[in-house]
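Trainee: Could we go through this structure together? I would like to begin with the ligand and then turn to the sheets.

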Amino acid sequence: MSLQQILTPSIHKAVQTLFDVSLDKIEFQATRKEFEGDITLVIFPLLKVIKSNPVELGNKIGTYLVENVAEVARFNVVSGFLNIVIADAYYLNFFNGIKDDTCYGFVTPSPDAKAVMVEYSSPNTNKPLHLGHVRNNLLGYSVAEIIKASGKKVYKTQIINDRGIHICKSMLAWQKFGNGATPESTGLKGDKLVGNYYVAFDKAYKEEINQLMAEGKTEEEAKKQAPILLEAQEMLLKWESGDKEVIALWKVMNQWVYNGFATTYKNMGVDFDSYYYESNTYLLGKDVVQVGLDKGIFERDPDGSVWIDLTDEGLDRKIVLRSDGTAVYMTQDIGTAIQRVKDMPDVGGMVYTVGNEQDYHFKVLFLILKKLGFDWASSLYHLSYGMVDLPSGKMKSREGTVVDADDLMHEMAATAQKIAEDLGKLDEYSAEEKAALYSTIGLGALKYYILKVDPKKRILFNPEESVDFAGNTGPFIQYTYARIQSIIRKAAFDFSAPSALNELNEKEKELIKQLELFPEVIQNGAQYHSPALIANYTYELVREYNSFYQAVSILGEEDQQKKIFRVQLSKKVADTIAAAFSLLGINVPERM
Ligand SMILES: NC(=[NH2+])NCCC[C@H](N)C(=O)O
């Protein structure tokens, strides 16, 4: 039971007994640092129903609590605030209760709980994953893990854009310039290989535009008439009319890309329960268009196109079907959402992890689904995020502007290596162990740096700063974890039984209080879709631990009971760091 849960009925009872008044709401807050106390009752609101002054009222309630509530040790009143000091026994008890709980803070979903679908990544198959996808993948994965830990079933999914003119561009360029190159023949990852031909297409296209302009065409004409573009368009038509050759090529090249993505996801530590492909879903929304027309939600224009008028909602008119009967992006998203609930009938809500340039799209999508009357439509959330940039000159990417996800992860491990070597660490490690550790640290730095920021905010990613062993960084927290592991190894005695301690010092108590917050932080993280809450909590926990570590001796402590307790406390902090970091998708090293 939380402190609030313990104190609330007692305060009701106190007021009832002392003043014969029943209260409706009681307001608590954490005691301010400058006062003695663990939890504070705000007195002012009570003065609306009780005739008294704040000091007198605070003293009366405080005295009642000390006399009647075992957990309350003493109190003080500062103007309108009743600062309550909780007995050490309460914290010791609480600690012994969570000490061996390996799932502390995590809630197991009840079997009939509704599931949440979390969509993230959703790349296109003409290019490798880039820095924007990195933020997307980290956010989506983390939010999925947090929601799961909060007690809901979660399905991680994505929708891959595998059809359209952009795909034809890389296919065509491969046919023209590829000389049969394959991932095997070139040693390139499949997504990189295909991406290279997308770039090659663009280069050829630009050359043709220049050529046409030199021949006197306007830029606009040249852009439309470039032969290579016409060829790509022709390929798209062939593909859509079921041309066997084009489809065969598409299958081969797409598989290369999927293999490449799979490697990137694996290295990044993210995963999916299902995959949707636009080539399968692009017709899905069309049936719904008829339903919407019948319900009077959509309207047909004279040219045959279908629209939804959202001007009453402060948005505009949006097309859902073109006059030639083809679906648009929106139609497809409507159809895919419905299909997903058909596939997984226990889904009660969805989270879409997509950049903020699509804010409008999702506003409209959610409104349409609501109007169509789906009960899950009230539980849709667009996990929108801002741009990530690298400061110029930090890391050159192949194509100049876009930073490749694999390159970035590689670079992060290299940065971690450089810093670790400068610090002269890890001399006794094997080369393999070192490589694994550098990647753990490098990825930890990257993930933490990105996830500690509110998704809406733009990020300027600074690799060196993110690996700083002394800042609010992933490696700083990993290092604290590893140091605790070293204490545990050195302790080398059985510290599993509850210690017979009955008194805590300030540092120990603060640390237990910080641990006590973890379950609520997970719930809040899930409610607000916020890995940043988890990251910042972990940082506070680590700061609290380091302050404890500076102030008390652990293995050097002579009092055996204190020593046992402090090792236990350290271990619980380490376990909680690991648990919190697992929600961010970050690994913790046993040594560092
Ligand atoms: N359900 C969705 N619309 N998901 C987002 C898809 C993102 C799309 N593939 C893009 O790169 O812009």
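This is a predicted model: local features need pLDDT of at least 70, side-chain atom pairs count only at pLDDT 80 or more; totals for chains, interfaces and linings use all residues.

Trainee: What lies 2.8 Å from a nitrogen atom of the ligand?

Mentor: That is an N or O atom in the side chain of E119. With S122, a backbone N or O atom is 3.0 Å from a nitrogen atom of the ligand. Q358 places an N or O atom of its side chain 3.0 Å from an oxygen atom of the ligand.

Trainee: How much of the ligand does the protein bury?

Mentor: The ligand exposes 350 Å² when taken alone, and the protein buries 82% of that.

Trainee: Changing topic, what does the domain assignment give for the chain?

Mentor: It gives domain 1 (3-86), domain 2 (154-271) and domain 3 (412-584). Between the C-alpha centres of domain 2 and domain 3 there are 44 Å.

Trainee: Now the sheets. What is the strand order in the open sheet of four strands?

Mentor: The order is β1-β2-β4-β3, and the pairing is antiparallel. β1 (28-30) and β3 (72-78) are the edge strands; each has a single partner strand, so one side of each lacks a neighbour in the sheet. From one strand to the next, the twist averages 30°.

Trainee: How many bridges join β1 to β2?

Mentor: Three bridges join β1 to β2 (residues 39-42), and the two strands run antiparallel. Within this topic, Q29 has T40 in β2 as its bridge partner.

Trainee: And what is the order in the open sheet of three strands?

Mentor: Its strands follow the order β8-β9-β10, again with antiparallel pairing.

Trainee: Why is one side of β8 and of β10 left without a neighbour in the sheet?

Mentor: β8 (298-300) and β10 (317-321) stand at the edges with a single partner strand each, so one side of each has no neighbour there. On average, neighbouring strands of this sheet are turned by 40° against each other, direction ignored.

Trainee: What joins β9 to β10?

Mentor: Four bridges join β9 (residues 306-309) to β10, and the strands run antiparallel. V306 stands opposite L321 in β10.

Conventions
Residues are numbered from 1 along each chain as its sequence is written. Side-chain values use heavy atoms; hydrogens and water are left out. A polar contact is a pair of N or O atoms within 3.5 Å; within protein, one must be able to donate a hydrogen and the other to accept it, and residues adjacent in sequence count only if both atoms are side-chain atoms. Accessible areas come from the Shrake-Rupley method with a 1.4 Å probe; for residues, only the protein chains shown count as cover. Domain bounds come from an automatic or database domain assignment. Two strands pair if DSSP finds at least two bridges between them. Axes are lines fitted to C-alpha atoms, for helices over the stretch in contact, and angles run from 0 to 180 degrees between N-to-C directions.
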